[in-house]
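Thanks for coming. I will go through one model, helix packing and sheets in turn, and then a few local points.

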Amino acid sequence: MDQWKPRDFSLPSNKFHEHGGNVPKIEREYNFSGIIDFSASINPLGMPPKSQTALLEAVSGLSCYPDPECLELREAQANYHKVSPEQILVANGSIELIYLIPRLLTPRRALIFAPGFSEFENAVRLAGTGIILFHLAEERQFSFSLDELLPKLDGVELMFWCQPHNPTGYLLPSQDLSEILEVCRQRRIYLVVDEAFLEFVPRDIGQSLAARTGEFPHLIILRSMTKFYALAGLRLGYVIACPSIIDGLRTLQPPWSVNSLAQAAGLAALASPDYAEQTREIIAKEREYLTQALNSTGQLLVYPGAANFLLIKILAPQLSSTKLQKRLIYKGFLIRDCANFRNLGSRFFRIAIRSRPENQGLVAAIRESLSA
Ligand SMILES: Cc1ncc(COP(=O)(O)O)c(C=O)c1O
């Protein structure tokens, strides 16, 4: 009998696609449990207590469909950012939106910074968009000037910037970001600013651009609630843009993408200002502690980031990031090996900023691993 065989649906794989945070895989591979995850950058305080209560209360309503419009949550988000609810679309993590945006805008070319979050590249590639890479220079601590950027913008119709940048932690000065916004307006380039880690940055140096979406219809702001509010397993993110972009994205999004537990937890999280303030204080203090402790080894260089993670270069010539990651796993710590980031390579790793006892544990384990 003639056997029907589906054709080969595999797409070219992307070696930059692997992420941190895959603890179950590592624990299985190494036959190890109780690993402390420094590879995904999540708030060390855990979920806000109000979100935990809201989650428990929401369980009894799980037999019903969630609100497909996330009305209450959007109103709270709109109030938080001083925009209108029509300018917001909620999603199952901001990653869903990263994939929908290029599908909606169908740009011919997109500018991507390298190193950077690999999903921007993956999402534009899948939408059939050409990619222009902008290499951030290590010698200048991954900063860049507008003069360097301008010649790269020819033919570009979409640009992603992550503020502060992942994996470098670099915070683009607000004046520079405003200038880029203006240049993008003049050149008709959609500018996506991913603010996934911006809540961790002290308020006086890191302001959201969300409120400017009313004035700049080519500006698209991405917000993740999974990192700052420690809801990574639940999934929650949103986009702020002009109503016509929001309408377009909603048309592409599957219905009921955001479950009712996530909506309840997100609503309660936004009503937790003390938790937010405490988080920023802890992160600032622990960032300083980790930077000082790791730089003092003399074998590591910590880049001065503004986020809740740190990018670190190994100076010792005989040690690669992959080898260091392996040694640390055996000591119970998972770091993000940055060998698969474009424009970084096997001397770089990234760590989340966690609680003092956990950070002390990691520093001790790194010290031992450097001298092994
Ligand atoms: C820069 C950046 N944007 C977006 C995301 C996706 O976050 P979410 O959990 O909201 O989907 C990540 C996840 O690591 C990220 O690093």
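**Helices, sheets and the ligand shell**

Let me start with a pair of helices: α3 (residues 71-81) and α9 (residues 260-270) have axes that come within 9 Å and cross at roughly 25 degrees. The axes here are lines fitted to C-alpha atoms, for helices over the stretch in contact, with angles running from 0 to 180 degrees between N-to-C directions. Helices are DSSP runs of H or I with at least four residues, strands are runs of E with at least two, and both are numbered from the N terminus.

Before I go on, this is a predicted model: local features need pLDDT of at least 70, side-chain atom pairs count only at pLDDT 80 or more, and totals for chains, interfaces and linings use all residues. Residue numbers start from 1 along each chain as its sequence is written.

Back to the pair. Given that angle, α3 and α9 are therefore roughly parallel to each other; the scheme calls angles under 35 degrees roughly parallel, over 145 roughly antiparallel, 65 to 115 roughly perpendicular, and the rest oblique. Their crossing is left-handed, meaning that the near helix is turned anticlockwise from the far one by less than a right angle, with clockwise giving right-handed. On the α3 side the contact uses Glu-72, Leu-73, Ala-76, Gln-77 and Tyr-80, and on the α9 side Gln-263, Gly-266, Leu-267 and Leu-270. Contact means C-beta atoms, placed from the backbone, within 7 Å. By class this contact has five nonpolar, three polar and one charged residues. In that count Ala, Val, Leu, Ile, Met, Phe, Trp, Tyr, Cys and Pro are nonpolar, Asp, Glu, Lys and Arg are charged, and the others, Gly among them, are polar.

Next, the seven-stranded sheet. It is open, has mixed pairing, and runs in the order β2-β8-β7-β6-β5-β3-β4. Two strands pair if DSSP finds at least two bridges between them. β2 (88-91) and β4 (130-135) are the edge strands, each pairing on one side only. On average, neighbouring strands of this sheet are turned by 20 degrees against each other, direction ignored.

Helix α4 (residues 94-105) lies across β2, β3 (109-114), β5, β6 (190-194), β7 (219-224) and β8, at about 160 degrees to β7. α4 also packs with another helix, α5 (residues 118-126): their axes come within 8 Å and cross at roughly 35 degrees. That crossing is right-handed. Ile-95, Ile-98, Tyr-99 and Pro-102 of α4 meet Glu-119, Phe-120, Ala-123 and Val-124 of α5, a set that divides into seven nonpolar, no polar and one charged.

Now the other sheet. Four strands form an open sheet in the order β9-β10-β13-β12, with antiparallel pairing. Its edge strands are β9 (300-302) and β12 (336-337), and each pairs on one side only. β12 pairs with β13 (residues 348-352) over two bridges, in the antiparallel sense, and Arg-336 stands opposite Arg-350 in β13. Helix α10 (residues 273-295) lies across β9 and β10 (309-314), running at about 155 degrees to β9. Helix α11 (residues 321-330) packs on the sheet too, touching β10, β12 and β13, and makes about 40 degrees with the direction of β13.

How do α10 and α12 (residues 356-371) cross? Their axes come within 11 Å at roughly 15 degrees, which makes α10 roughly parallel to α12. The crossing is right-handed. Glu-286, Tyr-289, Leu-290, Ala-293 and Leu-294 of α10 make the contact with Arg-356, Asn-359, Val-363 and Ile-366 of α12. By class that is six nonpolar, one polar and two charged residues.

Last, the ligand and the backbone. Around the ligand are Gly-93, Ser-94, Ile-95, Phe-117, Cys-162, Asn-166, Asp-194, Ala-196, Ser-224, Thr-226, Ala-232 and Gly-237, each with its C-beta atom, placed from the backbone, within 6 Å. This shell has five nonpolar, six polar and one charged residues.

Asn-166 is joined to Pro-167 by a cis peptide bond with omega about 15 degrees. The bond from Gln-163 to Pro-164 is cis as well, with omega near -5 degrees. Pro-164 is in the loop between β5 (158-162) and α7 (174-187), and Pro-167 is found in the loop between β5 and α7. Finally, Asn-31 has phi near 50 degrees, a positive value in a residue other than glycine, and lies in the loop between α1 (23-30) and β1 (36-37).

Definitions and conventions. Contact = placed C-beta atoms within 7 Å.
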